[in-house]
Amino acid sequence: MPGHYSGSFAPFIVGDPTEHKQMSTTWHILGAGSLGTLWATRLARAGVPVRLILRDEARLASYQAGEGLTLVEQGVSHTYPVIGETPDSPGPIHRLLVACKAYDAQSAVAQLQHRLVPDAELILLQNGLGSQDAVAAQLPQARCIFASSTEGAFRDGDWRVVFAGHGYTWLGDGAHPTPPLLLEDLQVAGIPHEWSTDILTRLWRKLALNCAINPLTVLYQCRNGGLQAHQCEVATLCAELAELLECCGQPAAAQHLHSEVDRVIQATAANYSSMYQDVANARRTEISYLLGYACLAAARHQLVLPHLQQVQARLVELLRARGLPSD
Ligand code: NAP
């Protein structure tokens with residue numbers, strides 16, 4: 001199996017053009033969903049050593065019954081025999097990509113805590129805010145790198161992912177501005193990225209855009225473009241979100257928020273938002289790390305944002321009525 005090795009370093013194979021020409025640290029990928037598979041397959045394709053951590057023995061057995069992980073790009077699929085394991089597998093973890101949903105990140109990382117070396121590096125791919133700080137607080141000695149991605153991918157079967165939207169991933173570490181060596185692997189793997197010294201601003205900005213668009217698409221049951229019929233409500237939400245961002249020490253994230261929200265609504269008019277799709281498919285949403293986080297931050301600052309709070313209450317009511325978790 002390509003990439004098969006033991007220990008935390010890949011062997012240097014002379015003459016193998018697919019092998020990364022240096023002693024690479026192994027990447028452990030936690031979560032074989034859309035983004036986890038998108039990253040694992042591209043790293044494996046470039047000869048970077050990768051191992052996939054699955055929930056439990058049952059998921060591992062299902063994975064091992066197949067050929068590996070499949071990446072579908074422009075209708076062409078390639079399968080990569082990435083090695084699978086479970087949290088209980090032996091061996092230290094030096095570099096971990098956390099590719100779970102925000103509500104699973106903390107407990108999924110806790111299951112691996114005993115395997116993480118003290119100076120382990122983690123990349124946290126979760127949308128919204130809140131889960132990253134929770135994971136970082138759990139691992140005070142590790143380096144937690146926050147990420148914000150505009151890449152798009154979805155699963156069209158078990159262990160298969162379709163690369164649906166090219167984009168960019170910004171990575172940053174508010175505590176240590178020095179870029180980590182792992183960026184070299186992203187370069188080799190052709191994962192478009194940039195080291196960001198203001199990753200929190202990016203995450204707040206994305207959260208604000210999400211709060212202004214996604215909940216309304218669920219409440220009005222429409223595509224993003226359908227919000228053009230609710231311009232006043234969008235404008236009011238943007239004004240409240242900008243006030244919140246200023247109050248939370250993120251004035252840069254507040255700049256021209258409304259005009260960017262309008263631009264996104266127009267540019268993605270035909271799309272259904274991720275929250276709309278989660279609700280339509282009866283999946284749990286990441287509401288607590290998006291609108292819920294914004295409302296909690298407002299309460300912490302004793303800010304009264306009536307429209308934001310009302311949208312949150314309406315959304316919670318809708319989720320409950322559909323029998324979905326409201327957190
Ligand atoms: P996803 O397809 O639902 O994948 C999450 C994966 O995590 C699932 O495969 C799940 O396993 C796994 N998982 C959960 N708990 C686990 C545990 N304890 N141990 C091992 N695996 C565990 O989610 P996604 O779409 O990749 O999204 C991941 C994050 O990236 C989210 O915060 C999302 O908002 C963000 N994001 C996604 C995209 C995108 O295009 N998909 C774009 C930008 C940002 P099972 O398969 O066993 O359920």
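An oxygen atom of the ligand lies 2.9 Å from a polar backbone atom of A153 in this predicted model. A polar side-chain atom of R59 is 3.0 Å from a ligand oxygen atom, and an N or O atom in the side chain of R155 is 3.2 Å from a ligand oxygen atom. Of the 900 Å² of accessible area that the ligand has on its own (Shrake-Rupley method, 1.4 Å probe), the protein covers 84%.

The shell around the ligand holds 26 residues, the closest being S34, L35, R55, A153 and E286; a residue belongs to the shell if one of its heavy atoms lies within 4 Å of the ligand. Two or more shell residues come from each of α1 (34–45), α3 (102–110) and β9 (152–157). Helices (H or I, at least four residues) and strands (E, at least two) are DSSP runs, numbered from the N terminus. By class, the shell has 11 nonpolar, eight polar and seven charged residues. Ala, Val, Leu, Ile, Met, Phe, Trp, Tyr, Cys and Pro count as nonpolar, Asp, Glu, Lys and Arg as charged, and the others, Gly among them, as polar.

Helix α6 (residues 199–219) packs with α11; its axis also crosses those of α7 and α12. Axes are lines fitted to C-alpha atoms over the stretch in contact, with angles from 0 to 180 degrees between N-to-C directions.

| Partner of α6 | Angle | Axis distance |
|---|---|---|
| α11 (residues 291–300) | about 110 degrees | 9 Å |
| α7 (residues 231–247) | roughly 155 degrees | within 10 Å |
| α12 (residues 306–321) | roughly 45 degrees | within 10 Å |

Helix α6 is therefore roughly perpendicular to α11, roughly antiparallel to α7 and oblique to α12. Angles under 35 degrees count as roughly parallel, over 145 as roughly antiparallel, 65 to 115 as roughly perpendicular and the rest as oblique. The crossing with α11 is left-handed, that of α6 and α7 is right-handed, and α6 passes α12 in a left-handed crossing. Left-handed means that the near helix is turned anticlockwise from the far one by less than a right angle, and right-handed that it is turned clockwise.

Residues are numbered from 1 along each chain as its sequence is written, and side-chain values use heavy atoms, without hydrogens and water. Local features need pLDDT of at least 70 and side-chain atom pairs count only at pLDDT 80 or more, while totals for chains, interfaces and linings use all residues.

How values were computed
Polar contact = N/O pair within 3.5 Å; in protein donor to acceptor, adjacent residues only side chain to side chain.
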